[in-house]
Amino acid sequence: MFIVVLATILGLMHFYIWVRVIKNTTSPGRTRWLLTTILLALAVLLFATLILPRVIGLTESAWFAWPGYVWFALAVYLFLTLLVLEPVRLALRGWVRRAPEPPAVEDPQPAVNRRLFLARASAVAAGVASAGLVGAGMASALGPPDLLRVPVRLRRLDPAFNGFRIAVVSDIHLGPLAGRAHTERIVEMINETAPDLVAIVGDLVDGTVEELGAAAEPLRDMVSRDGTFFVTGNHEYFVDGTTAWLRELDRLGIHTLRNENTLIRRGSAGFDLVGVNDVAGESIAEPPDFDRALDGTDRARPTVLLAHQPVQVAEAADRGVDLQLSGHTHGGQMWPFHYVVQAVQPSLAGLSNFGDTQLYVSRGAGFWGPPVRVGAPPDISVLTLQTD
């Protein structure tokens with residue numbers, strides 16, 4: 001059913017682009033046939049990019065993933081820009097209808113066909129705007145993440161932890177477009193901040209250990225006083241071998257919190273670091289279990305929760321968690337999809353409050369699908385804890 005719905009949406013989107021960019025701007029003949037063939041080939045490429053990697057593997061599909069995903073972004077913005085221009089086209093219908101009658105005899109300089117002029121002007125404007133947005137978005141997505149430094153006040157935090165730094169990174173999304181160099185840059189940026197603790201809050205990989213193990217290997221070089229901790233995101237459950245990845249992370253020195261907690265100490269002082277599985281863990285009978293994760297924690301100490309999806313803050317607030325660290329949203333990744341994400345998640349990015357629980361949401365250091373970020377640059381966040 002998913003494939004049928006996806007094919008229908010992509011088909012309608014490409015048909016609309018064909019009507020506005022090709023049919024309305026050309027006459028029947030060789031040019032229209034050639035452009036139509038190119039658009040059909042791009043539609044097939046996009047569909048193959050979305051479907052085939054799960055069938056034939058990342059390595060075999062890498063060669064067409066780049067052009068496929070770039071076209072995906074271009075097609076989306078071309079479609080949206082053409083929609084935005086529809087009111088202009090409709091408003092100018094009267095001007096088009098008032099076009100002068102063609103001359104009775106052939107004119108050496110015939111009058112401009114207003115309908116054709118309007119169609120071509122709209123197509124060019126949409127094409128230029130789409131290419132500009134995608135170009136800028138690719139520069140943002142493929143460039144170094146922003147390094148954000150955020151002070152966070154925690155109630156009951158012992159003065160021994162004043163200035164404690166937690167580096168938060170999420171949604172690295174190692175896959176066909178982001179490999180070892182992507183991981184190396186993230187590790188280098190985090191190490192330069194000299195954090196006390198590193199929190200990787202899900203969606204690290206989009207493939208198996210066999211396909212992406214070498215890309216993840218630089219994580220072993222992460223340096224922090226109290227260690228690096230990981231909780232699963234939904235994408236960890238979309239690949240075969242979730243358990244294999246957890247074993248691999250353990251081999252790399254990354255501590256996975258699977259509905260469990262650990263005490264971070266400074267002498268006799270401490271705070272509880274808690275991690276819950278992503279909600280997608282239900283697919284393999286490993287759903288998030290807050291009661292189990294919080295078992296043994298001390299209400300006299302602050303509680304810092306790692307949970308991939310911001311929506312999990314509702315359960316965290318009910319249980320008195322002080323601070324939840326999340327990702328998942330990508331900050332929307334490609335405007336205007338920010339509004340879709342905001343409709344299903346309580347926060348898009350940054351620090352917010354839900355009752356007595358603070359929620360910090362990272363925009364993520366990578367991207368999913370198109371290597372494009374518009375209005376949502378990638379980030380690595382360093383949270384500095386302060387006494388309340």
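Where is the place of Asp-240? I found Asp-240 in the loop between strand S4 (228-231) and helix H9 (242-251). I note at the start that I am reading a predicted model.

**Entry: a charged patch**

I looked up what Asp-240 takes part in. Together with Glu-60, Glu-210 and Glu-211, Asp-240 forms a negative surface patch. I then checked its accessibility. Asp-240 has a relative accessible area of 66% and is exposed, because exposed means over 50%.

**Entry: helix H8**

I turned to helix H8, which covers residues 209-216. Which residues of helix H8 are buried? I listed Val-209, Leu-212, Gly-213, Ala-215 and Ala-216. I also looked up what covers these buried residues of H8, and the cover includes helix H4 (58-91), helix H7 (180-192) and H9. I kept a reminder beside this entry: an α-helix has 3.6 residues a turn, so residues three or four places apart point the same way.

**Entry: backbone exceptions**

I went through the backbone next. Most residues other than glycine have a negative phi, and most peptide bonds are trans.

Arg-156 has a phi near 65°, a positive value in a residue that is not glycine. I placed Arg-156 in the loop between strand S1 (146-154) and strand S2 (165-169).

His-330 is not a glycine either, and its phi is positive, at about 60°. I found His-330 in the loop between S9 and H12. His-330 has 6% relative accessibility and counts as buried, because buried means under 20%.

The bond from Trp-335 to Pro-336 is cis, with omega near 10°. I located Pro-336 in the loop between strand S9 (323-326) and helix H12 (338-344).

**Entry: Ala-316**

I ended with Ala-316, which I found in helix H11 (residues 313-318). Which residues does Ala-316 touch, not counting residues up to four places away in sequence? I listed Phe-290, Leu-305, Val-321, Gln-324 and Thr-357. I also looked up how Ala-316 stands to Thr-81: the two are 235 residues apart in sequence and, C-alpha to C-alpha, 40 Å apart in space.

Terms used. Residues are numbered from 1 along each chain as its sequence is written. This is a predicted model: local features need pLDDT of at least 70, side-chain atom pairs count only at pLDDT 80 or more; totals for chains, interfaces and linings use all residues. Side-chain values use heavy atoms; hydrogens and water are left out. Patches are made of residues with over 30% relative accessible area and no salt bridge: like charges are joined within 9 Å, nonpolar side chains (Val, Leu, Ile, Met, Phe, Trp, Tyr) within 5 Å. Accessible areas come from the Shrake-Rupley method with a 1.4 Å probe; for residues, only the protein chains shown count as cover. A salt bridge is a side-chain nitrogen of Lys or Arg within 4 Å of a carboxyl oxygen of Asp or Glu. Lys and Arg count as positive and Asp and Glu as negative; His and the chain ends are not counted. The place of a charge is taken as NZ of Lys, CZ of Arg, CG of Asp or CD of Glu. Helices (H or I, at least four residues) and strands (E, at least two) are DSSP runs, numbered from the N terminus. Buried means under 20% relative accessible area, exposed over 50%, partly exposed in between (1.4 Å probe, protein chains only). Contact means heavy atoms within 4.5 Å.
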